[in-house]
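Have the structure open while you read.

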Amino acid sequence: VRPDLAGDEFGPEIGAGHEEGPAPMVAIVGRPNVGKSTLVNRILGRREAVVEDVPGVTRDRVAYDANWGGRRFTVVDTGGWLPDAVGLAAAIAEQARLAVELADAVVFVVDATVGATDVDEAVVEILRRSGKPVVLAANKVDDTAAEADAATLWGLGIGEPWPVSALHGRGSGDLLDAILDSLPEEAPPEDYGAESGLRRVALVGRPNVGKSSLLNKLAREQRAVVHDVAGTTRDPVDELIELGGKTWRFVDTAGIRRRHRENQGADFYATLRTRSALERSEVAVVLVDAGDPLAEQDLRIVSMVVEAGRGLVLAFNKWDLLDEERRHYLEREIDRQLHHVRWAPRVNVSAKTGRHVEKLVPALETALESWGSRVPTAKLNAFFAELVASHPHPVRSGKQPKVLFATQASVRPPRFVLFTSGFLEEGYRRFIERRLREEFGFAGSPIDITMKIRE
Ligand code: GDP
Ligand code: GDP
């Protein structure tokens, strides 16, 4: 009987604007029938999720967001991914290697009523060599009498066997505590403007596009003069500006205002300043002079934002100067030259007249929300299972690489790691990014996709 794991979700949904770091990964490894799936359900606290032998139900969901004592982690049921290896011993070894590669900690499940088998011994070898923390779960210890069986598993030489009954729950709290104790310390969340809670915006663009004019306009538009916000140590190179009912920290504005004094090597300094502003920001407004043809330098600044992994808003300034013909050509230039960032929100403004400058606010908010959003692991894997089935990678020299498993490793910006059975070609990776964006959005944020190939 193979329980099916219907994964619903813990944790924030995409678009909730919630931000957090990556959750540590815990992989469950063991021979068939030792109770791995039952244990996963126990960890998730959803007994009702166990479905007995439903024909046609494939286990395409293999990873789940879990929570114990307020700590988040991701449980990966490696039994759900049937490796290509032939034979039980090879398959289990493969599963263990994968788990070790992927996870921050491994739970090795042994059936205590059976005791350690040769296959179990072989897995122990792999786990021990990896140096990853291993928690030994001695399963099917349904009562006190069976505890003696668990004790024999000390003989495996990987530390204390935790007696547990995945089926009835006995001992599962202690096992979960042991699992969490084995995980590395959680990294503290990155401190983006956290001291003040203000979002950091970089206003960037080549000289003369209207940065200081826009800054002046925004500063004048605000309803009240922004005084120092409580708890803020005001950095004199930044400017606090209230827009749309919120106070924003525009970083390195002193550089924008000072520019006229720097003549020599202006380009070099401008690039340095842009880089340092991006470094300190969460989201960038790239200001472009809509009256001029898009310049190489505009495109370079857009690329700098994407490479820095910051949110991106495109603002086309001097809209008051545009006639119909110029608007027509501008659209064509955007189509051709900014195609790769067509996900960025766009606003057409005039720093001179104030036209649409208020539209910067929803654009910034969209970009920041996307930048910090996370796709729940089960949802992501359901998406890839569907994608791989409906749009498989083209066959190349008799092989067809597949996405086996995916996880979002981090936010700010969203970064995805795909575990694949071979090299995914460029076109297919672009297709994946396009489909990810269609499905989950990410307007205004770059996303990063890396592959881990299992040979
Ligand atoms: P997997 O193949 O390792 O995922 O194992 P399953 O979770 O599918 O469990 C295999 C069988 O063992 C099922 O019939 C379960 O009901 C049973 N089982 C799992 N955990 C326990 C337990 O703690 N005690 C007992 N008595 N049976 C269990
Ligand atoms: P910066 O170098 O990017 O800071 O650009 P400035 O703000 O100094 O602007 C460069 C020139 O463009 C100045 O002469 C501004 O008056 C002019 N300018 C800025 N924004 C607009 C606009 O929206 N419309 C028009 N017509 N001129 C603008």
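1. The element names come from DSSP runs, numbered from the N terminus, with helices being H or I of at least four residues and strands being E of at least two. The bond joining R412 and P413 is a cis peptide, with omega about -5 degrees. R412 itself is in the turn and has a positive phi of about 60 degrees. Most peptide bonds are trans, and most residues other than glycine have a negative phi.

2. Before going on, some housekeeping. This is a predicted model, where local features need pLDDT of at least 70 and side-chain atom pairs count only at pLDDT 80 or more, while totals for chains, interfaces and linings use all residues. Residues are numbered from 1 along each chain as its sequence is written, and chains are lettered from A and ligands numbered from 1 in the order in which they are written.

3. Back to that turn. β15 (residues 403–410) and β16 (residues 415–420) form a hairpin with 4 residues between them. Their pairing is antiparallel, over 6 bridges; strands count as paired if DSSP finds at least two bridges between them. A406 stands opposite L418 in β16.

4. Two other backbone angles deserve a look. K140 is not a glycine, yet its phi is positive, about 70 degrees; you'll find K140 in the loop between β7 (134–139) and α4 (147–151). F442 has a positive phi too, near 65 degrees, and lies in the loop between α13 (426–440) and β17 (448–453).

5. Are those two buried or exposed? K140 is buried, because 24 other C-beta atoms lie within 10 Å. F442 counts as buried because it has 25 C-beta neighbours inside 10 Å. The cut-offs: 20 or more other C-beta atoms within 10 Å is buried, 12 or fewer is exposed, and in between is partly exposed, with C-beta atoms placed from the backbone.

6. Now for β12 (residues 283–289), which is mostly covered, with 6 of its 7 residues buried. β12 pairs in the parallel sense with β9 (residues 199–204) over 4 bridges, and L203 stands opposite V285 in β12. With β13 (residues 311–317) the pairing is again parallel, over 7 bridges; there V288 faces F316 in β13.

7. R280 is found in helix α8 (residues 266–280). R280 counts as partly exposed because it has 18 C-beta neighbours inside 10 Å. Leaving aside neighbours within four places in sequence, R280 is in contact with R200, V251 and D252 (C-beta atoms, placed from the backbone, within 7 Å). A202 is 78 residues away along the chain, but its C-alpha is separated from that of R280 by 7.9 Å.

8. What classes of residue make up the shell around ligand 2? There are 5 nonpolar, 7 polar and 4 charged residues (Ala, Val, Leu, Ile, Met, Phe, Trp, Tyr, Cys and Pro are nonpolar, Asp, Glu, Lys and Arg charged, the others, Gly among them, polar). Of the 16 residues around ligand 2, G210, K211, S212, S213 and K352 come nearest; being near takes a C-beta atom, placed from the backbone, within 6 Å. Helix α6 (residues 211–221) gives the largest share of that shell, 3 residues.

Technical notes. Two residues are in contact if their C-beta atoms, placed from the backbone, lie within 7 Å.
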